[in-house]
Amino acid sequence: MKLTWPSHLWIVRHGESLGNVARDAAMASDMTRIDIAHRDIDVPLSDLGSEQSRSVGLWFAALPEIERPEVVLSSPYRRALETASAIVEEADLERACLSTDERLREKEFGILDRLTSMGIKSEHPEQAEFRQLLGKFYHRPPGGESWCDVILRLRSVLDTVSLHYEGRRVLIVAHQVVVLCLRYIIEKLDEDQILAIDRDGDVANCAVTEYRAQRSGGGDIELKLVRYNFVAPLLNQDTEVTAEPRAKEFGR
């Protein structure tokens, strides 16, 4: 049977960003807006986020060379690209093909961008009502995306990966919703299943999700989940683990 998947696929959420720090400060102070000057695409890593990224790079560096990523694909958002670049440098992956793909970008929040859950209820109560009615998976704020919209663009990403990188070792660096939506597609989950995973715990900054190609009982090649939300690469370097606060209703 012809292999049409990468032999290995890693998906890593970006390290802690200054946007994550500003969001946490806004929520701790019961503010309605997240105070950050950058547009979302330009938000850089925090110092801790850079440390987290290097720790993951060192984890990849400890793997035998024939088990390290050969191809690195990143969201074009600065926090993701800085994470990917640090991993490539620390793991000595300079020969890996590091490229960006706009389809891996963060979920777009439209008019809800930079608002805390309190801010959404205060400034756009109708959207809070629609979100409650439609659910997190299907709700699309004006000018933004639903999870289904993200899934649509990610299906084409996986088609590209399957076409161009079959049998190779591929690393994707992106965002929390992207990690979850890729799981939804690869594992053929439904709405209830993926939202249950989301409720069970947020994707930590620089956490590793890993798949390996295996032959199924029917003879087809499938990607099998090896680990999810794996933070040992950070703990091994005594690096602080950070994730989304559970109180946040409209999470990034």
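Let's start with Arg114, which counts as partly exposed because its relative accessibility is 21%. For the cut-offs, buried means under 20% relative accessible area, exposed means over 50%, and partly exposed is in between, with a 1.4 Å probe and protein chains only. Arg114 sits in the loop between β3 and α4, and its phi is near 75°, a positive value in a residue other than glycine. When I say helix or strand, I mean DSSP runs numbered from the N terminus: H or I of at least four residues for helices, E of at least two for strands.

A word on what we are looking at: this is a predicted model, where local features need pLDDT of at least 70, side-chain atom pairs count only at pLDDT 80 or more, and totals for chains, interfaces and linings use all residues. Residues are numbered from 1 along each chain as its sequence is written, and side-chain values use heavy atoms, with hydrogens and water left out.

Back to that loop. Arg103 is also found between β3 (97-100) and α4 (117-123). Is Arg103 buried or exposed? Arg103 is buried, as its relative accessible area is 19%. Setting aside residues up to four places away in sequence, Arg103 touches Arg153, Leu154, Ser156, Val157 and Thr160, where contact means heavy atoms within 4.5 Å. For a distance to have in mind, Arg103 and Pro76 are 27 residues apart in sequence and 8.9 Å apart in space, C-alpha to C-alpha.

Now to helix α7, residues 176-186. Why can we call this helix largely enclosed by the rest of the structure? Because 11 of its 11 residues are buried. The list includes Arg183, along with Cys181, Tyr184 and Ile186. As for what surrounds them, the buried residues of α7 pack against β1 (8-13), α6 (147-164), β4 (169-174), α8 (191-200), β5 (208-215) and β6 (221-230).

Just after α7 comes Lys188, with a positive phi of about 55°. Lys188 lies in the loop between α7 and α8, and with a relative accessible area of 70% it is exposed.

The elements giving two or more residues to the lining are α6, α7 and β6. By type, the lining divides into 6 nonpolar, 1 polar and 6 charged residues.

Ala, Val, Leu, Ile, Met, Phe, Trp, Tyr, Cys and Pro count as nonpolar, Asp, Glu, Lys and Arg as charged, and the others, Gly among them, as polar.

On to the rings. How many aromatic pairs does a search of the whole structure find? The search gives 6. One of them is Phe137 with Tyr138, an edge-to-face pair at 5.0 Å centre to centre and 80° between the planes. Rings of Phe, Tyr and Trp (its six-membered ring) pair if their centres lie within 6.5 Å; planes under 30 degrees apart count as stacked, over 60 as edge-to-face and the rest as tilted. Phe137 is buried at 1% relative accessibility, whereas Tyr138 is partly exposed at 45%. Phe137 also pairs with Trp147, this time tilted: 6.4 Å centre to centre, 55° between the planes. That pair links distant parts of the chain, with Phe137 in the loop between α5 (125-134) and α6, and Trp147 in helix α6, 10 residues apart. Trp147 is buried too, at 2%. Elsewhere, Trp10, Trp59, Phe60 and Phe230 form one aromatic cluster.

Last, two charges over rings. Arg183 lies over the face of Tyr228, 4.4 Å from the ring centre, and the charged end of Arg227 sits over the ring of Phe230, 4.2 Å from its centre. The test is NZ of Lys or CZ of Arg within 6 Å of the ring centre and within 35 degrees of the ring normal.
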